[in-house]
Amino acid sequence: MSIERDDSDRSGTPGPLKRPRRLRTTAAMRDLVAQTTLRVDDLVAPLFVREGIDSPQPITSLPGVVQHTRDSLRAEVAELAGLGVKGVILFGVPATKDAIGSGAFDPDGIVQIALADLRSEVGDEVVVMADLCVDEYTDHGHCGVLDADGRVDNDATLEIYARAAVAQARAGADVVAPSGMMDGQVAAIRRALDADGFNRVAILAYSAKYASGLYGPFRDAVDVEIADGGDRRDYQQDWRNVDEAMVEVAADIEQGADMVMVKPALSYLDIITRVRSRFDVPVAAYHVSGEYSMIKAAAANGWIDHDAVAIEQLTAIKRAGASIVLTYLTRWFAESGSQHLEAR
Ligand code: PBG
């Protein structure tokens with residue numbers, strides 16, 4: 001009888017005592033020790049609904065994602081519910097835009113109508129969220145109203161956000177998600193919701209939102225072009241900074257945010273981790289349009305394996321500390337992605 005020895009024992013040369021590879025020897029062992037497993041109920045599907053179209057419109061820079069009609073949106077959300085998805089977030093593409101983005105608070109605005117459709121379609125089975133911003137609805141493409149100098153007027157914008165929040169809550173939103181990065185937006189929205197009796201409607205604050213180059217395909221999806229070649233660096237965060245993300249998150253929680261978000265996700269895993277360790281509310285991260293499109297484009301060229309990279313990246317976002325991931329890959333994961341969960 002002899003116990004199994006490794007080569008180093010046989011040669012008499014002592015090998016390393018610590019052998020981390022022991023825990024990677026079989027798929028069963030790897031599954032047993034895995035610390036992070038993505039689940040379908042961690043995911044939220046961003047969905048677009050466009051006014052005045054009668055068939056879904058593909059979005060070239062977001063392969064596989066469409067601008068929905070009211071009907072195709074209902075069908076999509078019913079199918080997502082059937083697949084076990086617990087959350088969707090809605091973005092509207094209005095037929096007409098104006099200086100103040102009135103489609104964002106018009107009771108007959110496309111998102112309000114679509115929210116009511118979904119409420120009746122899926123009831124409480126799915127958490128129905130509404131992105132709360134005006135950039136899709138303004139003719140200049142900014143996330144707020146402009147002052148005489150053409151800059152985004154913070155406090156005038158808060159009034160618009162408050163009206164939009166109430167309109168979305170009336171239409172049936174469970175969660176409103178302010179994404180415009182105005183100072184004081186969570187407090188303004190919370191006050192307006194409570195004043196109208198919507199104290200059960202939750203706020204998912206886009207708290208740490210960076211002025212990223214990765215939102216390009218999204219702007220195609222919602223037909224937004226910022227006037228005069230402008231950008232959002234006056235209100236979204238500078239990606240060279242960490243500390244101001246903590247200031248933003250603390251302010252939003254103080255003002256009543258129920259959940260906070262870091263956006264984009266993969267270039268900001270350090271921010272996700274810090275927010276997770278410092279604050280005690282659920283942390284969401286948005287795997288944004290450009291992050292999705294990069295996977296699709298490289299995979300279409302045969303340069304990377306779509307499924308392998310998608311699961312690796314989404315898992316990394318959860319590993320960093322996000323408990324909710326907003327991703328255009330939600331349907332893929334719910335349908336087939338979970339087959340790739342184990343790193344076999
Ligand atoms: C603003 C908003 C944006 C996204 C979500 N909400 C665009 C922006 O800030 O320019 C981007 C999402 C994505 O890229 O997938 N309403």
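A polar contact is taken here as a pair of N or O atoms within 3.5 Å, with the further conditions that, within protein, one atom must be able to donate a hydrogen and the other to accept it, and that residues adjacent in sequence count only if both atoms are side-chain atoms. The model is predicted, and local features are therefore given only at pLDDT of at least 70 and side-chain atom pairs only at pLDDT 80 or more, whereas totals for chains, interfaces and linings use all residues. Residues are numbered from 1 along each chain as its sequence is written, and side-chain values use heavy atoms, with hydrogens and water left out.

In the side chain of Tyr-328, an N or O atom lies 2.6 Å from an oxygen atom of the ligand, and a polar side-chain atom of Arg-219 is likewise 2.6 Å from a ligand oxygen atom. A nitrogen atom of the ligand is 3.5 Å from an N or O atom in the side chain of Glu-136. Of the accessible area that the ligand has on its own, 400 Å², the protein covers 100%, the areas coming from the Shrake-Rupley method with a 1.4 Å probe, where for residues only the protein chains shown count as cover.

The ligand is surrounded by 18 residues, the closest being Lys-209, Arg-219, Lys-263, Ser-289 and Tyr-328, where a residue counts as near if one of its heavy atoms lies within 4 Å. By class this shell has 8 nonpolar, 3 polar and 7 charged residues; Ala, Val, Leu, Ile, Met, Phe, Trp, Tyr, Cys and Pro count as nonpolar, Asp, Glu, Lys and Arg as charged, and the others, Gly among them, as polar.

Grid points are joined across faces, edges and corners, and a volume is the space filled by probe spheres set on the points. By this rule there are 2 cavities of 30 Å³ or more.

The largest cavity holds about 100 Å³ of space, and the ligand sits in this cavity, in the sense that more than half of its atoms lie within 2 Å of the grid points. Its lining consists of 15 residues, with Asp-135, Ser-179, Lys-209, Phe-218 and Lys-263 nearest the centre, and divides into 6 nonpolar, 2 polar and 7 charged residues. Strand S7 (202–209) and helix H7 (216–221) each supply at least two residues of this lining; helices (H or I, at least four residues) and strands (E, at least two) are DSSP runs, numbered from the N terminus.

The second largest cavity has a volume of about 30 Å³ and is lined by Tyr-215, Phe-218, Lys-263, Tyr-286, Val-288, Ser-289 and Tyr-328.

Most residues other than glycine have a negative phi, and most peptide bonds are trans. The peptide bond from Lys-263 to Pro-264 is cis, with omega near -10°, and Pro-264 is found in the loop between strand S8 (259–263) and helix H9 (269–278). Asp-223, although not a glycine, has a positive phi of about 55°, and is placed in the loop between H7 and helix H8 (243–254).

Methods
On a 1 Å grid over the protein atoms alone, a cavity is a set of points where a 1.4 Å probe fits but cannot get out, and a pocket is an open set with protein on both sides within 12 Å along at least five of seven lines; lining residues have an atom within 4 Å of a point.
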